[in-house]
Amino acid sequence: MESFVDSTGTPLRLGPSVGRVGGEGKVLELADRPGLLAKLYHTRPRPDQIAKLRHLIRVRSDQVGRFTAWPSGLVLDQTGSVRGFLMPRVSGCEVHQVYHPRERAARFPDAHWDFLVHVARNCAAAFDEVHRLGAIIGDVNEGNVLVRDNGTVMLIDCDSYQAQHQGTTWGCDVGVPLWTAPELQGKPFRGLIRVRNHDLFGLALLIFHLLFMGRHPFVGVPFGHDGVTPDRAIAEFKFVFSASKPLPDLAPPASCPTMASLPGEIRVLFDRAFLQGSGNDGSRPEAHVWAIALEQLARSLRACPQSEAHLYWKGAPSCPWCTVRRNGGPDFFAAATINAVPVLPKAVPQAPWRGLSSRFGSLRRAVVAGTVLLGVSWLSGLGHIQPPQPQPAPRALPVNHVAKPLHHATALRRHHRRAHQK
């Protein structure tokens, strides 16, 4: 049996496989290092892959290591050839299990909307830290973001990130059309050089999914009458939900909230991310801007007089969840446990986020989501990131503060209930 060592020459005791990543290789447990995993490529990595791995390992920071599966070391065979890399062992569910109503009802039955807002804020915090290291995520999709029970998140598949050093760019050769920026639609992913503005489209889309129960911002009613496909709608900047520039041929579905349920600042951020002109480099809102705006939103929520499980922005004209229900849609939070607690108590801990995913499954879910969003029928039913010691969420960030991942109060409530039951 072939044996392997790390960069210091220390033998690696490889355990069973825990998954396969994009067909590139297998991910294995380490028998004597429970906090790490090893990814071994099926074929010997090319020199450019090795150079990219060395660069990612060199620039890795303690902060990014808390919420990504960032490569932390090389795996070598007995000849000294690079065969793979080490990364933190991560856990959590894929983010679609938070924003998809039916999946959330099964996975997080007591989650309120404040939890989804908080997860969105932590996603922005993670993107911000990756960008601060000069990396581009590239393949933004729901399969590459894991969420733990306390609302912190983990970004995975980090070895596919685009990176640059001393004039050399190592690209990200994969992607999912429904998560790809308008200006990149129809372009081959292989050899594509992305910029941060492209990531920021994917981030805005991720945030929109979380705030709008999995709805796609470029899918509306009547959708498909003129043969428009989701990717074409994206390519044409047809942001269906925009309040400032409504479309003549598409309107938001009735069974979801409207932009009026969000503060004006966030509406503007979505317009900047999705409307014509957003493809110009530097036009989309930066990740830290999203993090600050979402934290402010989370701190300005109120409970509906009709249902304490319905949390919404206090400036909205009425409870959007009750409005959806009156319009024939589902009660998105009917399964949520009704517990009156402050939305975001004070405290400022941090936490990790990480995992493995299937790109194929991600694409399948995107297609299914697109079908559902066409209005065929919203899936009936309803639908957080957790280290060993969940902590409450923090105070609002100062404007120039670096965004950091935060725990969520809902997880703390769950933790206290379980402790009380023991």
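Phe201, Phe208, Phe212, Phe218, Phe239, Phe241, Phe270, Phe274 and Trp290 make up one aromatic cluster. Rings of Phe, Tyr and Trp (its six-membered ring) pair if their centres lie within 6.5 Å. Planes under 30 degrees apart are stacked, over 60 edge-to-face, and the rest tilted. The structure is a predicted model: local features need pLDDT of at least 70, side-chain atom pairs count only at pLDDT 80 or more, and totals for chains, interfaces and linings use all residues. Residues are numbered from 1 along each chain as its sequence is written, and side-chain values use heavy atoms, with hydrogens and water left out.

**Aromatic pairs**

A search of the whole structure returns 19 aromatic pairs. Phe201 and Phe274 are edge-to-face, because their ring centres are 5.6 Å apart and their planes stand at 75°. Phe201 belongs to helix α6 (residues 196–211) and Phe274 to helix α8 (residues 264–274), so this pair ties together parts 73 residues apart in sequence. Helices here are DSSP runs (H or I, at least four residues), numbered from the N terminus.

Phe274 also pairs with Phe270. That pair is stacked, at 5.9 Å centre to centre with 15° between the planes. Phe270 and Phe274 both sit in helix α8, 4 residues apart, about one turn of the helix.

How buried are these rings? Phe201 has a relative accessible area of 0% and is buried. Phe274 is buried, also at 0%. Phe270 is buried at 0%. Buried means under 20% relative accessible area (1.4 Å probe, protein chains only).

**Cavities**

A cavity is a set of points on a 1 Å grid over the protein atoms alone where a 1.4 Å probe fits but cannot get out; lining residues have an atom within 4 Å of a point. Grid points are joined across faces, edges and corners, and a volume is the space filled by probe spheres set on the points.

| Cavity | Volume | Lining by class |
|---|---|---|
| Largest | about 90 Å³ | 6 nonpolar, 5 polar, 3 charged residues |

Ala, Val, Leu, Ile, Met, Phe, Trp, Tyr, Cys and Pro count as nonpolar, Asp, Glu, Lys and Arg as charged, and the others, Gly among them, as polar.

The largest cavity is lined by 14 residues. Gly138, Trp179, Thr180, Ala181 and Arg194 lie nearest its centre. The lining of the second largest cavity includes Phe127, Ile137, Asp139, Leu155 and Tyr161.

Key
1 Å grid on protein atoms, 1.4 Å probe; cavity = no way out; pocket = protein on both sides within 12 Å on 5 of 7 lines; lining within 4 Å. Helix = DSSP H or I, 4+ residues; strand = E, 2+ residues; numbered from the N terminus. Buried < 20%, exposed > 50% of the residue type's maximum accessible area, 1.4 Å probe, protein only.
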